[in-house]
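Let's take a walk through this protein fold together. Have a look at the sequence and the model, then read on.

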Amino acid sequence: MADHSVFAFEPAFLARLERLRLLTRRVPAGGFKGEHRASHLGSGLEFADYRPYVEGDDVRHLDWRAYLRFDRLLLRMFEEHGDLAVYILLDCSHSMAPTPGAFGRRKFDAARRIAAALTYIALATLDRVTLAPYSGHVHQVLGPLHGSRQVWRALDYLANLDTGGETHLDRTVREVFAAGRRRGLVIVISDLLSDTTEGGLDLLLPLRHDVAVIQVTDHRDLEAPLDRDTTLVDSETGDSLRIHGAPNLLHRLEREAEAHREEIRTRCTARGWSFIHAPVEASFEELALGALRRGLLSRGR
């Protein structure tokens with residue numbers, strides 16, 4: 001039976017999650033009537049505004065009372081509501097849980113909690129969620145799920161995931177979106193340590209999804225005790241490297257990790273995407289209700 005301890009949110013916290021809404025700029029109309037406003041106006045149920053009539057408009061939307069009052073042909077505009085397609089790509093490579101012991105799974109557990117929270121919110125607001133874990137290959141994809149009753153199915157699925165293998169975000173994007181899925185919001189949750197990450201993000205650009213990149217980090221990755229002569233082993237490939245003067249290496253790695261993070265952040269910002277740094281040391285409630293909300297979520301209407 002799946003272990004849900006990693007998803008043991010307090011009832012008050014779950015209630016707060018329900019009041020949040022996934023925020024995206026492009027929401028396609030149609031499908032089930034979710035709680036997002038579509039990006040265009042049409043014949044929905046909620047009046048939005050008027051605009052002048054132009055030749056070719058549907059005369060059924062003319063407001064004749066406004067014509068009698070203002071002597072102008074005005075078209076009534078309505079907001080359409082549509083469900084949002086949410087795709088959560090969760091890194092399950094070995095680097096997410098590289099070492100055994102009490103602290104070895106901190107990044108992966110934090111990533112699963114983030115995925116669980118976003119899934120919970122999306123299903124509660126009648127959106128459609130697809131969960132696509134990946135490593136060297138795409139794992140069995142779950143979804144699209146729709147409706148709050150699917151929450152526990154999603155949590156069971158996330159709780160039973162494990163880590164292993166290399167990271168291939170590029171391969172994942174090709175396989176998951178090869179069938180021409182609906183445009184929506186793609187959320188990538190990863191430590192971003194693989195060279196394939198940037199290539200995978202580049203592949204998302206022409207698909208015209210909204211994208212959010214969430215980098216999960218653990219400071220313990222850069223706190224390993226190193227002797228002057230040390231052999232480093234790649235947690236995913238098993239490749240090893242013998243180095244000299246190891247104590248100075250950690251400072252260099254820390255600087256390069258920060259530079260890499262800022263490079264990804266800059267690229268995301270230039271594309272209009274969200275980038276969120278999620279250190280495992282941060283309070284999960286602070287992350288989900290603070291940083292995540294600033295990047296992905298807004299309070300419900």
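Predicted model: local features only at pLDDT ≥ 70, side-chain atom pairs only at ≥ 80, totals over all residues.

Two strands count as paired if DSSP finds at least two bridges between them. The helices (H or I, at least four residues) and strands (E, at least two) are DSSP runs, numbered from the N terminus. Residues are numbered from 1 along each chain as its sequence is written, and side-chain values use heavy atoms, leaving out hydrogens and water.

Start with β5 (residues 85–91) and β6 (residues 128–134): they run parallel, joined by seven bridges. Within that pair, Tyr-87 has Thr-130 in β6 as its bridge partner. Both strands belong to an open sheet of six, ordered β7-β6-β5-β8-β9-β12 with mixed pairing. At its edges sit β7 (142–146) and β12 (274–279), each pairing on one side only.

Now for the helices. Lying across β5, β6 and β8 (185–190) is α5 (residues 169–176), which runs at about 140° to β6. Such angles run from 0 to 180 degrees between N-to-C directions, with axes fitted as lines to C-alpha atoms, for helices over the stretch in contact. Contact means heavy atoms within 4.5 Å.

Elsewhere, the axes of α1 (residues 11–18) and α3 (residues 106–124) come within 9 Å and cross at roughly 55°. That makes α1 oblique to α3; angles under 35 degrees count as roughly parallel, over 145 as roughly antiparallel, 65 to 115 as roughly perpendicular and the rest as oblique. Where they meet, Leu-14, Leu-17 and Glu-18 of α1 touch Ala-117, Tyr-120 and Ile-121 of α3.
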